[in-house]
Amino acid sequence: MNLLKKNNLFFIGVLVGCLFFSGTPVVHTPVAHGFITGAGSGTLHEHILLIRDIFQPRWKIGYRYGADCQPAERQNGEALQEAITGSLRVWLQPLKELQLGRPIVDKFVYELQPDRNPDQPDDLELRRKVNLQVTFECTQGRSVARRGVFLPPAAIMRMGTKITPEILTVLLHELGHAFGLADTYAREFLPSIGGLRHTEGIQPASVMAMSRNFPDDDNPSSIGEDDKRGIIWLYRFFHDKQVIEDCFFADYVYIKELDTCRPKHPLIFEAKHNPAKHTLQILKDDPNLNVNAQDVSGMTALHYAVLHAKVDVVKALLAHEKIKPLLKNKEGETALDLALEANNPRIIALFPKQKENTVQEKPRDVAPGTNLTTTWGAIKQR
């Protein structure tokens with residue numbers, strides 16, 4: 001009998017713990033890296049996440065105001081619905097581009113729910129009736145996402161109700177958590193990982209980066225390449241039964257210690273896919289970054305910066321004390337060769353000509369004192 005009582009108490013304790021977990025934030029923690037956290041341990045297999053419901057004919061979304069919002073601040077219901085719908089479609093678009101052969105949800109039905117009073121327990125039944133619950137509070141604070149085993153995901157936006165570029169960016173971030181993505185690149189908030197001095201995660205251009213708490217692109221309602229790959233990976237994980245060790249993308253690698261997938265060469269990834277300022281940011285934040293890493297094509301970050309005409313990045317890389325500008329890709333081309341092919345004088349001028357391969361590869365009939373860069377450029381254009 002005593003043993004039975006102990007077992008019952010243990011079961012009750014576990015149940016209470018699960019209920020508490022399902023209603024509390026599980027994001028913005030020091031264990032969030034890369035695409036997803038906890039997938040390998042099996043915890044997210046049990047979570048109710050938006051990624052699981054993508055083939056439903058419609059989603060029911062509950063939205064509400066915080067009790068702190070004054071009547072004059074509640075006139076944006078239609079605008080709030082449009083912002084949520086737009087953000088959801090941004091995350092669903094990479095999946096639609098996969099042409100999965102089945103229609104992906106594109107109908108969203110909204111229900112205005114009673115105010116959220118932080119001093120009173122939430123009505124969990126309201127949350128159970130919807131696929132997603134979004135709360136807009138008017139007291140400024142840190143927005144959070146909630147996801148769990150027994151309740152659908154929810155987002156609490158603490159930025160008021162006026163739709164601004166800033167609120168659109170944060171809404172995208174929190175709804176990314178609702179799909180199942182984790183935080184990346186949490187500058188200054190969390191301990192260093194993999195040599196990053198003030199960062200955790202490695203993609204500053206990702207909308208899931210905790211450092212991106214404000215819009216820094218022309219389109220705040222957009223996601224980065226890392227975000228797109230993350231949502232695709234989530235689909236593969238939950239619908240195609242892909243194991244976490246299979247990162248799916250050839251330029252990603254599984255990190256066993258963190259139980260997640262991340263780009264093999266973060267600097268190359270930034271230089272290849274994202275705005276120049278993000279490449280400069282990661283160069284600044286990571287003193288131990290391998291600036292000379294080469295991908296399967298032998299291309300370095302310097303190659304890609306030249307290829308995409310990112311003048312400031314080329315300048316910063318060439319000024320780096322560890323840079324090796326003479327590295328060649330599999331076509332036998334240095335970064336300067338690419339600049340010469342593109343006939344980009346601004347970038348060509350940044351290279352120390354006397355140190356480049358053009359000196360070693362100059363034609364034998366070049367007369368002494370000839371401008372080698374000009375001569376080599378003319379030869380390449382023939």
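Strands are DSSP runs of type E with at least two residues, helices are runs of type H or I with at least four, and both are numbered from the N terminus. By that count the protein chain has 13 helices and seven strands. The model is predicted. Of the 382 residues in the protein chain, 51% are buried. Among contacts with a separation of 6 or more, 66% join residues 24 or more positions apart.

**Nonpolar cores**

- In soluble globular proteins, nonpolar side chains tend to be buried together.
- The largest nonpolar core in this chain has 54 residues.
- Ile 51, Ile 84, Leu 88 and Trp 91 have the most contacts inside that core.
- Both strands and helices supply this core: strands E1 (59–65), E2 (108–112), E3 (132–136) and E5 (154–157) each give at least two residues, and so do helices H2 (77–96), H4 (165–179) and H5 (225–239).
- Another core, of 28 residues, lies apart from the largest one, and its members include Ile 282, Ala 335, Ile 348 and Phe 351.

**Helix H6 and its surroundings**

- Helix H6 (residues 266–273) is mostly covered, with six of its eight residues buried.
- Those buried residues are Pro 266, Leu 267, Ile 268, Phe 269, Glu 270 and Ala 271.

**H6 against H7**

- The axes of H6 and helix H7 (residues 276–285) come within 8 Å and cross at roughly 160°.
- Angles over 145 degrees count as roughly antiparallel, and H6 is therefore roughly antiparallel to H7.
- The crossing in which H6 passes H7 is left-handed.
- On the H6 side the contact is made by Pro 266, Leu 267, Glu 270 and Ala 271, and on the H7 side by His 278, Thr 279, Ile 282 and Leu 283.
- By class, the residues of this contact are five nonpolar, two polar and one charged.
- An α-helix has 3.6 residues a turn, so residues three or four places apart point the same way.

**H7 against H9**

- In H7, the buried residues are His 278, Thr 279, Ile 282, Leu 283 and Asp 285.
- H6 and helix H9 (311–318) are among the elements that cover them.
- The axes of H7 and H9 also come within 8 Å, and they cross at roughly 20°.
- Angles under 35 degrees count as roughly parallel, which means that H7 and H9 are roughly parallel to each other.
- This crossing is left-handed.
- H7 contributes Ala 276, Thr 279, Leu 280 and Leu 283 to the contact, while H9 contributes Asp 312, Val 313, Ala 316 and Leu 317.
- The residues of this contact are six nonpolar, one polar and one charged.

- Arg 116 is in the loop between E2 and helix H3 (124–128).
- Buried means under 20% relative accessible area, so Arg 116 counts as buried at 10%.
- Beyond its neighbours within four places in sequence, Arg 116 is in contact with Arg 64, Tyr 65, Gly 66, Ala 67, Asp 122, Thr 135, Glu 137, Arg 146, Ile 156 and Arg 158.
- Gln 140 is in the loop between E3 and strand E4 (144–146).
- Exposed means over 50%, so Gln 140 counts as exposed at 58% relative accessibility.
- Leaving aside its neighbours within four places in sequence, Gln 140 is in contact with Arg 158, Met 159 and Gly 160.
- Gln 140 and Met 159 are 19 residues apart along the chain, and their C-alpha atoms are separated by 5.2 Å.

- Phe 248 is not a glycine, yet its phi is positive, at about 70°.
- Phe 248 lies in the loop between H5 and E6, and at 40% relative accessibility it counts as partly exposed.
- Asn 343 is likewise not a glycine and has a positive phi of about 55°.
- The loop that holds Asn 343 runs between helix H10 (335–342) and helix H11 (345–348).
- Asn 343 counts as partly exposed, with 49% relative accessibility.

Definitions and conventions. Residues numbered from 1 in each chain as written. Predicted model: local features only at pLDDT ≥ 70, side-chain atom pairs only at ≥ 80, totals over all residues. Heavy atoms only, no water. Axes fitted to C-alpha atoms, helices over the stretch in contact; angles between N-to-C directions. Parallel < 35°, antiparallel > 145°, perpendicular 65-115°, else oblique. Left-handed = near helix turned anticlockwise from the far one by under 90°. Contact = heavy atoms within 4.5 Å. Nonpolar A, V, L, I, M, F, W, Y, C, P; charged D, E, K, R; others polar. Core = buried A, V, L, I, M, F, W, Y, C linked by side-chain atoms within 4.5 Å. Buried < 20%, exposed > 50% of the residue type's maximum accessible area, 1.4 Å probe, protein only.
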